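Hello,

Here is the structure I promised to hand over. Please open it first, then read my notes below.

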Amino acid sequence: MDEWTLLVIVVGLSLTASLISTKLGISVAILEIVLGIVAANYLGVSTAGQSWLPLFASVGGVMLTFLAGAEIDLVEMRKTWKASFSIGILSFLGPFLAAWAFAYLVLGWDWTASLLAGVALSTTSVAIVYVLLVETGTSRTPTGKLLLSACFITDLGTALALSFLFIVPNEYIFVLIAAIVASTLFVPPLFRWLFSHLKGRVGETPVKLVFFTVLLMGGIAELAGTQAVLPAYIIGLALSAVMGENREILLKLRSMTLAFLTPFFFVNAGLNVSVAAVLSGAGTIVVLFFVKVGAKFAGVVPAARRFVGHDTVYIALLMSTGLTFGTIASTYGLTTGIIDQEQFSILLTVVISTAILPTLIAQRWFLPAPAPESLP
Amino acid sequence: MTRTEGATPHRILALTDGSPESLAAVRVAAGLAKSTPSELRILHVAGLSEYPVLIAEADVEVADDRGQLILGEAAHVARSLGVDAEVVLRHGPAVTQILRYTREWPPDLIVMGTRGRTGARRILLGSVSASVARRTQVSVIFVHSTGVTTHSSRVGSHPS
């Protein structure tokens, strides 16, 4: 299959996913993965010898991570740091340790593959949690803000683990650390000044500037023997206030990323799933799902009981959701050879299951009473 | 026995999604509210992308703006018939949120539009009206392009 044919197929699958999503109200990202699975397993679409697709997919994942970081509300996080750190860290550590131990001791995966499984299943989907909070009218309440902050902490834990557990360090690690520190301190004021001078001019310079900075940090991370998720997330976090002040630039970045970059990321993930592996590993998938959710409950419920005091099962279900970071971690594992296609297929299926099932259970049986401000 | 059988409704809940059928339902509900008389509330559930990858992708502000427009139009329809209705905006899966609201503010009667989806479209898209009718204990009036159908939870049937 030549490059153009694959390019058109991937973009076509993404377009189809968007059209179906509009009709059925199902996530575009999940549909892109599913259509990728169908294309690879039943329509003969192959990515063999196409090195551009993993690169594009990687850029999509990195930009998505940056945008996720840019959605962090640092002011709220500072207000609730103790509670959000407690819930967020336990929400990361519980499933990370449980999935890692289960993969290593029970499934017999090797050490690094087991660590990768732990990282991929440690995540919480901030965006899904946000939607569920909106549905209960709690997104703007102190509890809602606390939970969102906790989700960001969990994802930060995932990004740190992904960056440092599999690192093959070299001298560039010092360059990377210096670049991360410098970007955190100097990039926000510099970008604020640059945006005010460059906004509105031809050439979309501010958008290119953000792309360049994020990809430069990704390149340095690659040189340092790690990968781009952590610097992308931290730059996003550092620039969250500046991006909030420049919504037009943020909107353009988001449109470009969601329309043209993340489809490569999600469709590529689907194209690498083997249905045969999913079917033969169905039992493992079910057990891993319960390992993740069970460990989330074990970590989150006590912390939620202490810091929130109500709806602890609902909160644990929210923190059990996962999608983007789980897909990023799984794809990273496959790309670098830490896990094979069979393990990738199992992990990605568990990740997608955790996007859907905890959400449905929370909506169906554990919706808390509406927040006072949402009552009519 | 359902709450409205043989009784005058005191609380009427009209559901609207902005469609012509749902606006017709608001008209029917307003007419009933005026003649009985009853308190009328109009509920719109704004759908969100349930599994987004970014918070911004949930499009809450867009859904809110659209929801307010839909409710404004529905309230205007009720007002034109001489009924002041309270409007309520909720987010999320329509059926879940409708049933949830009926527990917070138990109505005596629900009035809703139905598009009469059949075949593959009904299987794929489901039917909010059918699901609500199946799962509520409250009597329901369906308003569709060809007329009005009543449904009581005791009857247990639903117009196709």
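I start with a proline of chain B. B:P37 sits in the loop between α1 (20-35) and β2 of chain B. Helices here are DSSP runs of H or I with at least four residues, strands are runs of E with at least two, and both are numbered from the N terminus. The peptide bond from B:T36 to B:P37 is cis, with omega near -20 degrees. Most peptide bonds are trans.

A word on the ground rules. This is a predicted model, in which local features need pLDDT of at least 70 and side-chain atom pairs count only at pLDDT 80 or more, while totals for chains, interfaces and linings use all residues. Residues are numbered from 1 along each chain as its sequence is written, chains are lettered from A and ligands numbered from 1 in the order in which they are written, and side-chain values use heavy atoms, with hydrogens and water left out.

**Chain B overall**

Chain B has five helices and six strands. Along the sequence they run β-α-β-α-β-α-β-α-α-β-β. The chain has 160 residues, and 51% of them are buried. Buried means under 20% relative accessible area, exposed means over 50%, and partly exposed lies in between (1.4 Å probe, protein chains only). Of the contacts (heavy atoms within 4.5 Å) between residues at least 6 apart in sequence, 74% join residues at least 24 apart. The accessible surface of chain B is about 7,400 Å², and carbon and sulfur atoms hold 51% of that. Areas come from the Shrake-Rupley method with a 1.4 Å probe; for residues, only the protein chains shown count as cover.

**Salt bridges**

Over all chains, the structure holds eight salt bridges. The criterion is a side-chain nitrogen of Lys or Arg within 4 Å of a carboxyl oxygen of Asp or Glu.

Two of them are in chain B. B:E86 pairs with B:R41 at 3.9 Å, N to O. B:E86 belongs to strand β3 (residues 86-91) and B:R41 to strand β2 (residues 39-46), so the pair ties together parts 45 residues apart in sequence. B:R41 is buried at 12% relative accessibility, whereas B:E86 is partly exposed at 33%.

B:R90 pairs with B:E104 at 3.0 Å, N to O. B:R90 is in strand β3 of chain B and B:E104 in helix α3 (residues 94-104), so this bridge ties together parts 14 residues apart in sequence. B:R90 is buried at 4%. B:E104 is partly exposed at 27%.

Chain A has a bridge between A:E204 and A:K252, with the closest N and O atoms 3.0 Å apart. A:E204 is in the loop between α9 (172-198) and α10 (205-223), A:K252 is in helix α13 (residues 247-271), and the two are 48 residues apart. Both partners are partly exposed: A:E204 at 37%, A:K252 at 30%. A:E76, A:K79 and A:K145 form a network of salt bridges.

**Helices of chain A**

Which parts cover α16 of chain A? The cover of its buried residues includes α5 (81-106), α7 (126-135), α8, α15 (282-307) and α18 (341-365) of chain A. Helix α16 spans residues 312-319, and seven of its eight residues are buried. Among them are A:Y314, A:I315 and A:M319. In the loop between α15 and α16 lies A:D311. Its phi is near 50 degrees, a positive value in a residue other than glycine. Most residues other than glycine have a negative phi. A:D311 is partly exposed, at 34%.

A:N268 is another residue to check. A:N268 lies in helix α13 of chain A and is buried at 4% relative accessibility. Leaving out residues up to four places away in sequence, A:N268 touches A:L53, A:P54, A:A57, A:P263 and A:T331.

**Surface of chain A**

A:W81, A:F85, A:I89, A:L93 and A:L97 make a nonpolar surface patch of about 460 Å². Patches take residues with over 30% relative accessible area and no salt bridge; like charges are joined within 9 Å, and nonpolar side chains (Val, Leu, Ile, Met, Phe, Trp, Tyr) within 5 Å. A:L97 lies in helix α5 of chain A and is partly exposed, at 39%.

Best wishes
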